[in-house]
Amino acid sequence: MIQTDDVTLRKILQRTKTIAVVGVSPNPVRPSYFVARYMKLKGFRVIPVNPGHAGANLLGETVRATLADCPPEVDMVDIFRRPEHVPPIIDEALAQLPNLRTIWMQIGVQHPEAAAKAQARGLDVVQNLCPKMEYQRLFGELRMGGINTGIISSRL
């Protein structure tokens with residue numbers, strides 16, 4: 001897997017407006033929750049996607065069951081699911097989201113074949129990285145400890 005360069009990551013984060021977070025949890029101690037919360041606090045519209053919580057309110061948005069239920073302005077899908085679940089998520093995103101420009105797979109999530117399919121359709125694909133951590137790193141928000149502290153915190 002080729003890692004996405006910093007210039008591309010910065011471009012993605014600067015142009016993105018609406019992020020569908022697939023697999024987000026309403027539990028505030030889960031990484032998916034605090035990543036979604038952070039991105040919302042940074043001005044992104046965050047659309048939560050989790051069929052187990054569909055219809056609930058999370059971070060000021062109604063939780064959607066599927067990507068097909070998301071508004072068409074979604075331009076990035078952030079995937080918090082195991083790698084084996086990635087191909088159908090990407091297939092649905094490609095079929096349902098006309099303004100999609102980026103597929104982002106969280107730390108520990110990568111699927112080269114599904115990534116290649118999205119790239120063949122002209123999308124940027126980021127694998128095995130966190131948009132929250134990359135935003136902090138690229139836009140000067142890391143504290144002295146950086147990201148390699150061994151501690152994951154939901155505090156901002």
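**Close-up views of a predicted model**

**Figure 1. Packing of helix H3 against helix H4.** In this predicted model, helix H3 (residues 86-96) and helix H4 (residues 112-120) have axes that come within 9 Å and cross at roughly 15°. Angles under 35 degrees count as roughly parallel, and H3 and H4 are therefore roughly parallel to each other. Their crossing is left-handed. On the H3 side, the contact is formed by Val86, Pro87, Ile90, Asp91 and Leu94, and on the H4 side by Ala114, Ala115, Lys117 and Ala118. Sorted by class, the residues of this contact comprise seven nonpolar, no polar and two charged.

Figure 2. Because its relative accessibility is 15%, Thr4 counts as buried, the limit being under 20%. A polar atom of the Thr4 side chain lies 3.5 Å from the backbone oxygen of Val125. When residues up to four places away in sequence are not counted, Thr4 touches Leu9, Val125 and Val126.

**Figure 3. Surroundings of Thr18.** Thr18 belongs to strand E1 (residues 18-22). With a relative accessibility of 6%, Thr18 also counts as buried. Neighbours within four places in sequence left aside, Thr18 is in contact with Arg45, Ile47, Glu73, Val74, Asp75 and Met76. Pro72 is 54 residues from Thr18 in sequence, and the two are 9.5 Å apart in space, C-alpha to C-alpha.

Definitions and conventions. Residues are numbered from 1 along each chain as its sequence is written. This is a predicted model: local features need pLDDT of at least 70, side-chain atom pairs count only at pLDDT 80 or more; totals for chains, interfaces and linings use all residues. Side-chain values use heavy atoms; hydrogens and water are left out. Buried means under 20% relative accessible area, exposed over 50%, partly exposed in between (1.4 Å probe, protein chains only). A polar contact is a pair of N or O atoms within 3.5 Å; within protein, one must be able to donate a hydrogen and the other to accept it, and residues adjacent in sequence count only if both atoms are side-chain atoms. Contact means heavy atoms within 4.5 Å. Helices (H or I, at least four residues) and strands (E, at least two) are DSSP runs, numbered from the N terminus. Axes are lines fitted to C-alpha atoms, for helices over the stretch in contact, and angles run from 0 to 180 degrees between N-to-C directions. Angles under 35 degrees count as roughly parallel, over 145 as roughly antiparallel, 65 to 115 as roughly perpendicular and the rest as oblique. A crossing is left-handed if the near helix is turned anticlockwise from the far one by less than a right angle, and right-handed if clockwise. Ala, Val, Leu, Ile, Met, Phe, Trp, Tyr, Cys and Pro count as nonpolar, Asp, Glu, Lys and Arg as charged, and the others, Gly among them, as polar.
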